Amino acid sequence: MKFHLNGRLLSIGVLLTTTIGYAQDQPAAQLPQQAPSQPTPSQPTTSQQTPQQTPQQTAAQASRTPPAPKETPSTVDTGGGWSIEPIYWLTTLHPAVHAGAAVVYPDTAKYSLGGVISMPLGKTNSLRFSFFQNYKSSSTIAGSNLNLFGTAIGGGDFLTSYYRIRDYKVSYDYLTYFFHRGSADFRIKTLWEFQFVDVSNQIEDFTPNGDGTFTANPASGTRSIIYPTLGLGFEGTFSPHFRFETKGSGFALPHHAVIGEGEGSVGLRFGHLEFIVGAKAFHFKTSPKKDQYAIGTMYGPYGGIRYYLGGPKRQR
């Protein structure tokens, strides 16, 4: 009995010791399961991955993005492109023929007719062909003895006169500078021109005869100028329908012929038609080295209607 009791007590002690040891080991084995949200050192977080991927993504996006296009001016609403423009110029002019003393034409033409044909040269430049004509018949009295174009004219003689002024010009308008402000375009152009001015004069000298009749002595001559002219123009486009333009050009040599002109205008465009109003001045003097030379200055307002052959397109 004593042996069996001691054996049972020994078995109970071994069982209690095993149970206590298992209870102490069990929480330690369950620690990884109680904190599953904590990342292990071998797993990188999202914040650690982002700095490594951003430079590669930026480089890839930069390689796919095209460079910004270079801004170029519009070829519409600037006077560029193919166009035809008839012009009506309300002129004031007092031309004169100098031959020792001046012969001034007292009655001058009230208007001049002309036109401009424009064609593009590239995207920003243009070539212009322009023409105008002014002519008038009048009568006057010779203030002194004259010799006009080889014909002797006595002082006090009655004269009938006719003059005609024609100007032909070819201009290469080169876009030198362009800048954009808001919704407006501004352009500075240099003008490289070749100009021909033709001044024709016809005078009838009526010399009195003793019987009360008159003898007509004609005197006629033409003086011309052939010059390269240089100029500068400033243009602005404020909307698809409204623009302005100013320009001037000329050329002169000491003791030789002179050409000078300037103008300013505004244009209002609707579709293929542009209505233009402005003012211009034109000065000429043929070579004073000849026995007779012509001189005059024309100025006044003008209007024109320009027809564009191309469609209204703006290039940006």
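Leaving aside neighbours within four places in sequence, S126 is in contact with M119, P120, L121, S171, Y172, D173 and K189. The structure in which these contacts occur is a predicted model, and S126 itself lies in strand β5, which covers residues 125-141. The relative accessible area of S126 is 3%, and because buried means under 20%, this residue counts as buried.

The chain as a whole contains 3 helices and 14 strands. Of its 316 residues, 34% count as buried, and its accessible surface comes to about 18600 Å², with 63% of that surface belonging to carbon and sulfur atoms. When contacts between residues at least 6 apart in sequence are considered, 64% of them join residues at least 24 apart.

In one of them, strand β8 (residues 158-181) pairs with strand β9 (residues 184-208) in the antiparallel sense over 23 bridges, and L159 is placed opposite D205 in β9. These two strands, β8 and β9, form a hairpin with 2 residues between them, and in the turn G182 has a positive phi of about 65 degrees. In the other pairing, β9 is joined by 24 bridges to strand β10 (residues 214-239), and the two strands run antiparallel; here T207 stands opposite T215 in β10. The hairpin of β9 and β10 has 5 residues between the strands, and G212 takes a positive phi near 90 degrees within this hairpin.

A search of the whole structure for cavities of 30 Å³ or more finds 1, and the space in the largest cavity amounts to about 420 Å³. This cavity is lined by 38 residues, of which V116, R128, K247, E263 and K280 are the closest to its centre. By residue class, the lining of the largest cavity divides into 15 charged, 13 polar and 10 nonpolar residues. Strand β4, which spans residues 111-121, gives the most to this lining, with 6 residues.

Notes. Residues numbered from 1 in each chain as written. Predicted model: local features only at pLDDT ≥ 70, side-chain atom pairs only at ≥ 80, totals over all residues. Heavy atoms only, no water. 1 Å grid on protein atoms, 1.4 Å probe; cavity = no way out; pocket = protein on both sides within 12 Å on 5 of 7 lines; lining within 4 Å. Points joined across faces, edges and corners; volume = space filled by probe spheres on them. Helix = DSSP H or I, 4+ residues; strand = E, 2+ residues; numbered from the N terminus. Nonpolar A, V, L, I, M, F, W, Y, C, P; charged D, E, K, R; others polar. Buried < 20%, exposed > 50% of the residue type's maximum accessible area, 1.4 Å probe, protein only. Contact = heavy atoms within 4.5 Å. Areas by Shrake-Rupley, 256 points an atom, 1.4 Å probe, with all protein chains shown as cover. Pairing = 2+ DSSP bridges.
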